[in-house]
Structures are given as C-alpha cells and as structure tokens.
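Please open the structure in a viewer and keep the selection tool at hand.

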Amino acid sequence: MTDDMRGAFDAVDQGPRPSDPVAAPSGRLPAAVSLHPTIVALGRRFGEAVLGQVVNAGDQHVVWIDPAATFDIMQWLRDDPDQAYDMMSDVTGIDYGHGRPVEVVYQMFSTRHKHALRVRCALPLDAMEIDSVVSLWRSADWLEREVYDLFGVSFRGHPNMIRILMPFDYDEGHPLRKDFPLRGRYSRAEQTRRALNQEVDRFYTEDVLGQAREVQEVLEGPTAPPRRTEEGGA
Amino acid sequence: MAQKTVTIPVTRNPEMGPGGRLVPSPLMPFEVENPDLGSERMLINIGPQHPATHGVLRLVCELDGETVTKVVPDIGYLHSSFEKLGEYRTWNQIVPLTDRMDYLAPLIYNCAYVMSVEKLMGIEVTERCKVARVILMEMDRIFGHLLWLGTTAIDVGAFTPFLYSFQERERIYDLHETLTGARITTSATRIGGMMADLPEGWTDQLRAFLRTFPDTLAEIDRLLTRNQIHIGRTQGVGAISAAEAINYGFTGPNLRAAGVDYDVRKDRPYYDYETYDFEVPIGQHGDCYDRYLCRMEEMRQSVRILHQALDRLPGGPINVEDPNISLPSKTDAMSDMESMIHHFKLIMEGIPAPEGDCYYAVEGSKGELGMYVVAEEGGTKPVRWRIRPPSFVNLSVIPRLAEGHLVADLIMINASLDIVLGEIDR
C-alpha cells in the first residue's frame, strides 16, 4: 500500500466527516449565566421559587418562576424601587404540544430603569391555574382574558374571567392549544347545523319574550286583520 | 317635588346694566318644578356596524340620561386566528399575514415581524436594508396618523381635514404600489432583507411627497388646532394621569399625551434610531386634545427622520448574502445548479431557527408593537407567534376613560385612541 493510499479507508471505520463545520446555535447560549440585575436580585430574594434562567436571542433575559409564587414575585417586581417594572407590556401563553406544560409569559418593562424582563411560568396540563396580576397592572385585564380564551389557563382573582375573542359560549375548546385542529373541531356543515339549532331565547329577557308572545298572539289570533295581498302602485 | 327659584337674565330687560351687561330682571323670578326624573338606566348598543366605531367594534353602553355610566366593549367580530395560522406556515410565509392585521400602516407590521425573526436567528441585515426599513416604517407612521386625523376630525364634524388627509394618503398608497405592487397588502419584507430593492425613482417620488406634505399638514393644523369647536369637543375629554396611563398599558401617542416620556425608538432603540435627530412630543393632560397634538407633531418629526434617512440611504445589496437565508435571483435559480438547490430548499423547507424565544418591540403608529416568536431547535415554523397588539391594550382602557362623559364624548374618546380592529381581533 502506497503512502498516498494510507488513510483512504479511514472513513469506513470512522464514518463520514461532517461536510460543513457545525455552527453553534446563534440564539441560545445555555451556559451563559444571566447578569441581569433583576434576575440576580430575584434569585437572592426568592431562592428556590426561581426555577431557571436563560439569555435568548443575544441579549434577552428570561426567567422561569414557580407558578405558586407568581403573585408575590410580581408584586415585588413592581414595588421594589430597584426593579420598578411599572409597565406590563404583554401577557401571553405558549403551548409546545406533546404533553409539555403550557407556559404563561409576561413581558415587563421598567420606565424608570429602562430594563426589560421576560418572566415565564410553566403550568402542568392538569393544573392550569395561576394568580391574576390585574390588581397590580390593569393592562393585564384583557391580556389574561385572551390567554384564558385561547389557551384555557384560568387566572385566580381575575374580576371578569370570560372569553374575549371567541364567542362567550364557545364550547369547542381553546383554539391556540396544539391539540385543537386548525380548521376547528366540526365540519362547516356541522357548525351551521349547531348555529341554527341553538336556543336563541336565552339571549333575551323575559320582558322582551313576553312582548314577542303578545305580538305573536295578535298576528295569529282570530282577530288578526287580514293580510293585504295586493299592493297598490308599482 | 323640589321647588327651585331661578333668576334668568333676559335680553329685553329695559334696565340694561352699565356697559351693556345683562342684569337679572326683577320681574322674572319664578318657581319651577325640578322633578326627580328617576334613575332608570338605559342600555344602548353602538356598533358593530357603525361608522363611528372605526371598525367592527361593538360598545354596549349603560346611560344615565346622556351620561355614560358603563361601557363594555365587545370585540372578536374579525377574529381570524392569525397566530394559529402562523404555526402552520414557514417563517417567510407569515409575512402576508402581518399586513392584514393593521391595514392602516402595513409596512410597520411587515418590518416588525421580520426584525423579530432575524433577531431570533441572529441575522444582521445590510445597512441599506436597515435604512430602507426605517424609511418604510416612518412613511407608514404618517400613513396611519393621517387616517386617524381624517376620521377623528369627521367624528367631531370637521369634513375638510378628512378630504385633505385622504388626498395625502393617496400619495402614500401610490408609493406602496410603486414599491410592492399592492396598495394595502404590501408584504414587502422577507427574512434577511426585502422582497425587492427600492425601485428606480422611488426615493424621488417620496421626496416629492415630503416637499408638499408639510404644507397640507399646516393647513389641517390651521383648521383644527385653534378651532373652538374642536377644542370644545376634545379638551378635558377622556383625560388620564401619567401613572394610570402606564398602569393601564397605554403605549404610543396615547401614553405620551399623558406626559410619560416613553418611546420605543428612544428607550429601546433599534436600527440606529439613536443616531437620527428627532424629538418625541410629550403631552400634559392626557386628554383627547393632547393626543391630537402629539400625533400632529409626530408626523412632522417623521418627515424629519425621513429626510435624514433618505440622505443616508447607502448603496449595496439589500438582502443578506447568505444562500441559506435569501432567495437567489430568478436568473441564477434557472441557470445555476447550486442556486436552484438553494431556491428549492428555501421554498420547500424554509429557514431553520435556533431554539429560543425573542420579543422585539418597535414603535408602531398605534403604540408599542411587539412581535414574540418562539422556535424549537431547527424549526422552520414557529411554535408560537404572538403579536403584542397596541390597539388591543389601548382599547381596554375605554371603560375607564369614558365613564362620566356624554355619549358624544364617548365617540370622540374612541376615535382619539386610534384603534384598528384587524389587529385587535387578529
């Protein structure tokens, strides 16, 4: 075997070499320890209620907290003068599917310190309940209703926990969950049939229904005036 | 039954006071019955099919006489679940969904979405692309504010500003059309760049618009800013304090009108906004009139930014030079094997993303527009795509703003918030 042939069959033993150098994923830096002052302070104050943290997309700091301690942590984040997150920009949910917990995500901003923070809470599918933060930030009112509507997370202590985007009596589930089919649970024909068969009386008060019955009786009774069948003019 | 003595100044009183002032007539005092009219409340429905609700919005109002005691907004008539649809589309296929949300300023939504995805993937766009996007976003800020200006003026009875502002909007529609071929559904951006470079002569067309637009704006300003009817309808109506405005989640001109100095372009700058020379107008009273003043000034500032951006618009490519992100040119795709493979892979598979999530906020015309994307490792579709809707949060404040005002003021308050239902219902 000549020298230049040496090593030619190494690939058989070792398997193919990767053709391109494997690039490190640019967004997530799993080893990076967040130096965000709030996350450091959170860890110091709440200890085991802080479940994890990560720096995503280069400079965005995310912290996972224990759902049981949500309200205390949120209140501290708003009221502590070093944190002062007075703006609750967004409350939303994530469903990864495959039985993974549904997460509630809070995007916060402090207009005093110009800090942004993202707080996430993982809720197991059999305990989809979390404290409402409406009493701290009024902006969370509709946002939490939307999370309830689309994900089925119910917020303890919310003043008006009803659906907001879907009809209030929608009974097919929560559309943004991964187990909800894209086109809905029923066919278009079935949806039409259900819409036509619903009890519309429940939308009216007894007063209005009584008036309607009176009109009905007048129209159908023996004293009802004969309907005009001929219209004068064109 | 209450009895009340009323002294009424009358004009035909022969004993006219000094300087022509009216004096109460000694002949006129009389007793009137001031009956207690009872406190039965009335429920009325405004919308969903009503031009003054600025979209398919239904406001259920409880009235005491003509005073609003309670407002319950009912939304969801336009719900089309864009966020769910996004989970079934590759990153680039989502772009057309974004401009269907805010059809009054579509380019801001196109840009905000791709900026978020690029941040998640760690893509740095070219300098020309950055400046071009700044131009498009500022242009559409004017576009959105002009619609607000026209429709709000018409709500308080001023018809002329409506015509003037829609005439100017028409010229931006033309700019959209020259750029993308569409007037509303622009879909101008792609991950890593734009659908196409700015066409030849487009910047001149925009400069021509910028030359004459301030005159129209000044004309509308003369018609409204010191107009007594307009002032009477807007000053002191729907006022909110600074601390409350933050707590209720106001953003954008609505928040700044209440005296809070928060502008995403200044406080969380993106695309080198810190290097542009512009002011952020801040109001004092948080009422409808201050919101009007803030938006008027923002349009003037956008003109300033547009001039600077047009001056610094560099040459060079508009898309990133990475075949795994940007599509090859059509000629290359048809004649070069490598390019065809890249084209095929990009269209059929999409661009893989790293695991993680990214929230990217820009200053939209309505307020802080956030795009939140969540991806799995190597995912070519989002696990979750969320729009932080500025109008949605701004509209949720309307029960607080309108209570205690008259029904006519409710219309003004609703108009002054600058909502777009396509984005509220999503």
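**The whole complex**

Display both chains first. This is a predicted model, and the predictor assigns the complex an ipTM of 0.83 and a pTM of 0.82. Chain B has an average pLDDT of 87, with 91% of its residues scoring at least 70. For chain A the average is 80, and 80% of the residues score at least 70.

**Chain B: overall form**

Select chain B alone. Its C-alpha trace spans about 100 × 45 × 35 Å along the principal axes. The chain contains 17 helices and ten strands, and 46% of its 426 residues are buried. Among the contacts in chain B with a separation of 6 or more, 68% join residues 24 or more positions apart.

Next, colour residues 1-36 of chain B, assigned as domain 1, and residues 73-425, assigned as domain 2. The C-alpha centres of domain 1 of chain B and domain 2 of chain B are 57 Å apart.

Select residues 25-29 of chain B, where pLDDT stays under 50 and the model has seven contacts beyond four places in sequence. Where pLDDT is low, the predicted coordinates should not be read in detail.

**Where the chains touch**

Display chain A again and select the residues on both sides of the contact. Chain B contributes 38 residues and chain A contributes 33 residues. On the side of chain B, several elements each supply at least two residues, including helix H3 (106-121), strand S8 (356-363), strand S9 (368-375) and helix H14 (390-395) of chain B. By type, the residues on this side of chain B comprise 16 nonpolar, nine polar and 13 charged.

**Chain A: the sheet**

Now hide chain B and turn to chain A. How many strands form the open sheet, and in what order? There are five, arranged as S1-S2-S5-S4-S3 (chain A), with mixed pairing. Strand S1 (50-56) and strand S3 (87-94) of chain A are the edge strands, each pairing on one side only. On average, neighbouring strands of this sheet are turned by 20° against each other, direction ignored.

Begin at S1(A), which is joined to S2(A) by six bridges, the two strands running antiparallel. Select A:Val55 to find its bridge partner in S2(A), A:His61. S1(A) and S2(A) form a hairpin with three residues between them, and A:Ala57 in the turn has a positive phi of about 50°.

Remain on S2(A): five of its six residues are buried, so this strand is largely enclosed by the rest of the structure. S2(A) runs parallel to S5(A), with three bridges between them; here A:Val62 has A:Arg118 in S5(A) as its bridge partner.

One pair to select is A:Asp90 and its bridge partner in S4(A), A:Gln107.

Helix H2 of chain A lies across S1, strand S2 (60-65) and strand S5 (115-123) of chain A, and runs at about 170° to S1(A).

Finally, select residues 20-31 of chain A. Their pLDDT stays under 50, and the model has 19 contacts beyond four places in sequence for this stretch.

Notes. Residues numbered from 1 in each chain as written. Chains lettered and ligands numbered in written order. Predicted model: local features only at pLDDT ≥ 70, side-chain atom pairs only at ≥ 80, totals over all residues. pLDDT = per-residue confidence, 0-100. Contact = placed C-beta atoms within 7 Å. Domains from an automatic or database assignment. Helix = DSSP H or I, 4+ residues; strand = E, 2+ residues; numbered from the N terminus. Nonpolar A, V, L, I, M, F, W, Y, C, P; charged D, E, K, R; others polar. Pairing = 2+ DSSP bridges. Axes fitted to C-alpha atoms, helices over the stretch in contact; angles between N-to-C directions. Buried ≥ 20, exposed ≤ 12 C-beta atoms within 10 Å, placed from the backbone.
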